[in-house]
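Dear colleague,

Please find below the structure that I am handing over to you. My notes on what was found in it follow directly after.

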Amino acid sequence: MNYKESKAEDNVSTVTQFVLLGFSDLPQQQGLLFVLFSIIYMIISTGNSLIIVITRLDIALQKPMYFFLANFSLLEICYVSVTLPRMLVNLWTQDRIISMLDCAIQMCFFLMLGATECFLLVVMAYDRYVAICNPLLYPLVMNQKMCTLLAVGSWIGGIPVQIGQTCQIFSLHFCDCNQINHFFCDIPPILKLACGDTSVHEVSVYAVANLFVAVPFVLILASYSKIIFTVLRLPTARGRAKVFSTCSSHLLVVVLFFGSATITYLRPKSDHSAGMDKLLSLFYTIVTPMFNPMIYSLRNKDVIAALRKLLLKK
């Protein structure tokens, strides 16, 4: 046993760069993928930017719910910008090399913004909980100061932990293979390249994933359980329909994001496969941010009215 461990240590090479394989297994579709992901990036940037603009300009949208929605839209633009531009460059140039420092920076920002998304979704659920279950206290509880504190807390709350986790991952020794079978620097494929026993790091990743994914998800479920219980006691069907319409868009985003993230980070290591990891990552890093503006705007009469007003002005 000792011989094998020391032998593994002897074989450690000083890896200074990685190769992001991405979609290199589809050589004939590289141009098509570049065009497809370029269009998706423009849709995400334009759609979320529109939401930010109308929530700032329209007086009818000067409410806590839309303040958090604007933060969420800004977050989605930042979140996608961590991974998509690099992937587009790789597809266009076919140069898939990324330095270890760039890889660590990409992972760190990806994890920090992912934590922000989890926290912000909890805050949005709490906002709906107070508005529906305690409507008389809503103006007092969700005042401007509280909204600002919740938003700032969501943005910075995960920074120390995720910086620490990134440093921990990149303090590992990496073996001769430096090919990351993914389209960005994510934790599971990076851990596969590490030499020696990574069980301690895997437990740490699992614990952090529980803290930033499982706990927020449970809090959101608790909020919406209370909301549903309150809504079902409303006397009119029209009132129930209106509340469910307001909350359903948020619930849909929660299910899409947390569902794919939970499967990625909380399923057993034995169940991980490169193809499935890439598919799930595409879902919560690209597909969900692309559909968020449509989900929120098409299911929200106030947003549709504000958008129509903005377009008619032009």
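This is a predicted model: local features need pLDDT of at least 70, side-chain atom pairs count only at pLDDT 80 or more; totals for chains, interfaces and linings use all residues.

Which residues does aspartate 186 touch, not counting residues up to four places away in sequence? Aspartate 186 touches Met107, Phe110, Thr264, Tyr265, Ser281 and Tyr284, where contact means heavy atoms within 4.5 Å. Aspartate 186 sits in the loop between S3 and helix H8 (187–192). The residue counts as buried because its relative accessibility is 1%; buried means under 20% relative accessible area, exposed over 50% and partly exposed in between, with a 1.4 Å probe and protein chains only.

Residues are numbered from 1 along each chain as its sequence is written, and side-chain values use heavy atoms, with hydrogens and water left out.

Overall composition

The protein has 12 helices and 3 strands. Helices (H or I, at least four residues) and strands (E, at least two) are DSSP runs, numbered from the N terminus. Of its 314 residues, 46% count as buried. Among contacts between residues at least 6 apart in sequence, 79% join residues at least 24 apart.

The sheet

The 3 strands form an open sheet in the order S2-S1-S3, with mixed pairing. The edge strands, each pairing on one side only, are strand S2 (97–99) and strand S3 (179–180). Two strands pair if DSSP finds at least two bridges between them. Strand S1 (residues 17–20) pairs with S2 in the antiparallel sense over 3 bridges. Within this pairing, glutamine 17 has serine 99 in S2 as its bridge partner, and valine 19 stands opposite isoleucine 97 in S2. S1 and S3 run parallel and are joined by 2 bridges; here leucine 20 has isoleucine 180 in S3 as its bridge partner.

Helix H4 (residues 100–133) lies across S1, S2 and S3 and runs at about 80° to S2. For such angles, axes are lines fitted to C-alpha atoms, for helices over the stretch in contact, and angles run from 0 to 180 degrees between N-to-C directions.

Two individual residues

Phenylalanine 34 is found in helix H2. This residue counts as partly exposed because its relative accessibility is 22%. Phenylalanine 34 touches Leu88, Leu91 and Trp92, not counting residues up to four places away in sequence.

Glutamine 94 lies in the loop between H3 and S2. It is not a glycine, yet glutamine 94 has a positive phi of about 65°. Most residues other than glycine have a negative phi. Glutamine 94 is partly exposed, because its relative accessible area is 40%.

Cavities and pockets

Rolling a probe the size of a water molecule over the atoms shows where empty space is left. On a 1 Å grid over the protein atoms alone, a cavity is a set of points where a 1.4 Å probe fits but cannot get out, and a pocket is an open set with protein on both sides within 12 Å along at least five of seven lines; lining residues have an atom within 4 Å of a point. Grid points are joined across faces, edges and corners, and a volume is the space filled by probe spheres set on the points.

A search of the whole structure finds 3 cavities of 30 Å³ or more. The largest cavity has a volume of about 210 Å³. Its lining has 18 residues, of which Leu111, Gln162, Phe212, Val213 and Tyr265 lie nearest its centre. By class, this lining has 15 nonpolar, 3 polar and no charged residues; Ala, Val, Leu, Ile, Met, Phe, Trp, Tyr, Cys and Pro count as nonpolar, Asp, Glu, Lys and Arg as charged, and the others, Gly among them, as polar.

The second largest pocket holds about 350 Å³ of space. Of the 17 residues in its lining, Arg56, Gln62, Lys63, Tyr66 and Phe67 lie nearest its centre. H3 gives the most to this lining, with 6 residues.

Yours sincerely
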